[in-house]
Amino acid sequence: ITRAFCVLLKNCLTAPELRDRVVNDGAVSPIVKLLHRSEIIGAQRSPATVAAAASALWNLSAHEGAKKMVIREKGVEALVMQLNEAEDRDAWQKCAGCLMVLAANSQQVKHLVGDEDGIRALCEIVKQSLADGAVLKAALGVLRNIVSDTQAAQRLSGQGAYRIIFAVLQT
C-alpha cells in the first residue's frame, strides 16, 4: 500500500498546482519518513518503496517550500543513507535524482551530502553503473551540482572522484 501510494503521488506531482497542494497539506514529512530506517528492529523498507518515495520527493523538490521541509525532516541524510545502503539501481537513481535537484543552489544540501559520506557513495555508484545510463546520469548530476562548493570539491578530490569521472568520460 505504501509503495502504491508513493507511485500514485509521484505520477500526480508533475503539475505545479498539485505540488503546491501536496506540500501545503503536509505530505512531505511522511514521504521523507519512508526513506529513514524503519523503527522496527531488523526491518527494512523494500527497494520499490524507497524508489517510489524518492521519486515522489524528486518531483516535490521543484517546490521551494518542499526543499526546506525535506532538509528540516533530515531527508538529505536519509537519501544519502539509502545511497550507501541500498543495492537497488532504481533506488539509487531516484535518490540521486532527488539529491541532484535539492543540491542545485543549496550550499546546505551540498555540505550535508559531503558530511553524510554521500560523495563516496556516489563515486561507488558511478563505478558500478557504467552500463546504466539513468543511474549514471543522476549520480553524476549530484556530483556536478555539489562541485561548486569548495569544501565539496576538496572532498571529491580526496575520494578520487575526478579520476572516476574522467574514466567515465573516456568510455
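Predicted model: local features only at pLDDT ≥ 70, side-chain atom pairs only at ≥ 80, totals over all residues.

Trainee: How many helices and strands does the chain have?

Mentor: Helices (H or I, at least four residues) and strands (E, at least two) are DSSP runs, numbered from the N terminus. Here the chain has twelve helices and zero strands. Read along the sequence, the pattern is α-α-α-α-α-α-α-α-α-α-α-α.

Trainee: And how much of the chain is buried?

Mentor: Buried means under 20% relative accessible area, exposed means over 50%, and partly exposed is in between (1.4 Å probe, protein chains only). Of the 171 residues in the chain, 49% are buried. For contacts, the test is heavy atoms within 4.5 Å. Among contacts between residues at least 6 apart in sequence, 71% join residues at least 24 apart.

Trainee: Let's zoom in on one helix. Which residues of α7 are buried?

Mentor: α7 is mostly covered, with twelve of its 15 residues buried. They are A91, W92, Q93, K94, C95, A96, G97, C98, L99, M100, L102 and A103. What covers them includes α4, α5 (64–72), α6 (75–85), α8 (107–115), α9 (118–128) and α10.

Trainee: What span should α7 have for its number of residues?

Mentor: The expected span of a helix is 1.5 Å times one less than its number of residues. For the 15 residues of α7 that gives 21 Å, and its end C-alpha atoms are 21 Å apart, which agrees. α10 passes the check too: its 14 residues should span 20 Å, and its end C-alpha atoms are 20 Å apart.

Trainee: At what angle do α7 and α10 pack?

Mentor: Axes are lines fitted to C-alpha atoms, for helices over the stretch in contact, and angles run from 0 to 180 degrees between N-to-C directions. Angles under 35 degrees count as roughly parallel, over 145 as roughly antiparallel, 65 to 115 as roughly perpendicular and the rest as oblique. Helix α7 (residues 89–103) and helix α10 (residues 133–146) pack at about 25°, with their axes 8 Å apart. They are therefore roughly parallel to each other.

Trainee: Which way do they cross, left-handed or right-handed?

Mentor: A crossing is left-handed if the near helix is turned anticlockwise from the far one by less than a right angle, and right-handed if clockwise. The crossing of α7 and α10 is left-handed. On the α7 side, the contact residues include W92, Q93, A96 and M100, and on the α10 side they include V135, A138, A139 and V142. Residues of this contact divide into eleven nonpolar, four polar and two charged. (Ala, Val, Leu, Ile, Met, Phe, Trp, Tyr, Cys and Pro count as nonpolar, Asp, Glu, Lys and Arg as charged, and the others, Gly among them, as polar.)

Trainee: What about α3 and α4: at what angle do they cross?

Mentor: The axes of helix α3 (residues 28–35) and helix α4 (residues 47–60) come within 9 Å and cross at roughly 140°. That makes α3 oblique to α4. By class, their contact has eleven nonpolar, one polar and no charged residues.

Methods:
Residues numbered from 1 in each chain as written. Heavy atoms only, no water.
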